[in-house]
Amino acid sequence: MTEPADAAQRRAIPPVICYPTDTLPQPDLALYTQARASATKCGETLVPPRDARSFGVPAGHFFRISSVEGPQVGDLNLWNKNDFSERFYSGKTRALHGTHLTTGHRMWSSFPGMRPMATVIRDTLDWYGKDAFGGSVHDVIGTRCDPYTGNLLSGTQYHHCCHSNLTRAFADETGMSLPQAESYVHDVLNVFMCTGFTRDTGQYFMKASPVRPGDHIEFFAEIDLLGALSACPGGDCSTEHSSDGAACHPLLVEVFAPAPGTLEGWTPPPPNAYDRSHGR
Ligand SMILES: [Zn+2]
């Protein structure tokens, strides 16, 4: 199409932030950090490469995801342990906090609960910021690698994509059949994954994760959580996923219990207060 006469003028209009976060309830990071200092480890789960494991985290506990042995990306799903229909809502989290998460950001739940499920309290990769390509770490723009897209693009039948890994882990935890369990798997937080959009074509890109063994991201559980983490078949996501071609490493999940009395004044957030009458 031919540009209108005022094309440059229209393009020059400055953007407006969709969801200004000035009124977003802020986490008490000082309280969480202080409580974490005296918390004691009460469980751990080692997630094998190209597979997933589930783990429970009671409200008021902490969980840490660590890189061990080598650079590795993880795909994280979270559910309300007492109602699996309330699950992590990656799209709304992205709308509120931006394309990548770091300390102080929260993982928000689906409607109608729409409340913080977990708050990031520590991120050893927060130094990375945004690189020259527009890339950053801990992505909420990707979905999760899955066998359907692989089949669509290359006709493959690959069974160790994060979607399938998470489906098996959730089925094992709940006793559901695979088709039942699959319907609860949702878009993830891509832990340690370095991604962005190309400036020219706006395409989703990934690049080698800057994560190294010892790096970790730590969360405070705002409600009772069931989590599942997949150690992505993409490994550090420097080349490809949806095959066994990439070097892969395990990921470690550790859970920490707060010492009695250290969370004085904190209570789990209630479900969203919208009255749900939808105008009728
Ligand atoms: Zn994956």
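The following dialogue walks through a predicted model of a protein, feature by feature.

Biologist: What share of the residues counts as buried, and what share of the contacts comes from residues 24 or more positions apart?

Modeller: Of the 280 residues, 41% count as buried. Among contacts with a separation of 6 or more, 74% are accounted for by residues 24 or more positions apart.

Biologist: Let us turn to the sheets. In what order do the six strands of the open sheet stand?

Modeller: The general idea is that strands of a sheet pair through backbone hydrogen bonds, either parallel or antiparallel. In this model six strands form an open sheet in the order β1-β13-β3-β11-β7-β6, and the pairing is antiparallel. Strands β1 (40–47) and β6 stand at the edges with a single partner strand each, so one side of each is left without a neighbour in the sheet. From one strand to the next, the twist averages 25°.

Biologist: How many bridges join β1 to β13, and which residue stands opposite Lys-41?

Modeller: Seven bridges join these two antiparallel strands, β1 and β13, and Lys-41 stands opposite Phe-256 in β13. Helix α2 packs on this sheet, where it touches β3 (62–67), β7, β11 (216–221) and β13, and the direction of α2 makes about 70° with that of β7.

Biologist: Staying with that helix, where is Leu-29 found, and why does it count as partly exposed?

Modeller: For any α-helix, there are 3.6 residues a turn, so residues three or four places apart point the same way. Here, Leu-29 is found in helix α2, which covers residues 29–37. A residue is buried if 20 or more other C-beta atoms lie within 10 Å of its own, and exposed if 12 or fewer do; Leu-29 has 15 such neighbours, and therefore counts as partly exposed. Leaving aside residues up to four places away in sequence, Leu-29 touches Gly-104 and Ile-121. The C-alpha atoms of Leu-29 and Phe-220 are separated by 9.5 Å, although these residues are 191 residues apart along the chain.

Biologist: Which strands pair with β12?

Modeller: Among them is β2 (residues 52–57), which pairs with β12 in the antiparallel sense over six bridges, and the bridge partner of Arg-53 in β12 is Leu-229. Strand β4 also pairs with β12 in the antiparallel sense, over seven bridges, and here Trp-79 stands opposite Leu-226.

Biologist: Finally, which residues other than glycine have a positive phi?

Modeller: Two cases can be set side by side. Cys-237 has a positive phi of about 60° although it is not a glycine, and its place is in the loop between β12 (225–231) and β13 (251–257). Cys-237 counts as buried because it has 26 C-beta neighbours inside 10 Å. His-278 has a positive phi near 50° and lies in the segment after β13; this residue is exposed, with 6 other C-beta atoms within 10 Å.

Biologist: Which residues does the cis peptide bond join?

Modeller: The cis peptide bond joins Phe-111 and Pro-112, with omega about 0°. Pro-112 has its place in the loop between β6 (106–108) and β7 (116–123).

Key
Residues numbered from 1 in each chain as written. Predicted model: local features only at pLDDT ≥ 70, side-chain atom pairs only at ≥ 80, totals over all residues. Helix = DSSP H or I, 4+ residues; strand = E, 2+ residues; numbered from the N terminus. Contact = placed C-beta atoms within 7 Å. Pairing = 2+ DSSP bridges. Axes fitted to C-alpha atoms, helices over the stretch in contact; angles between N-to-C directions.
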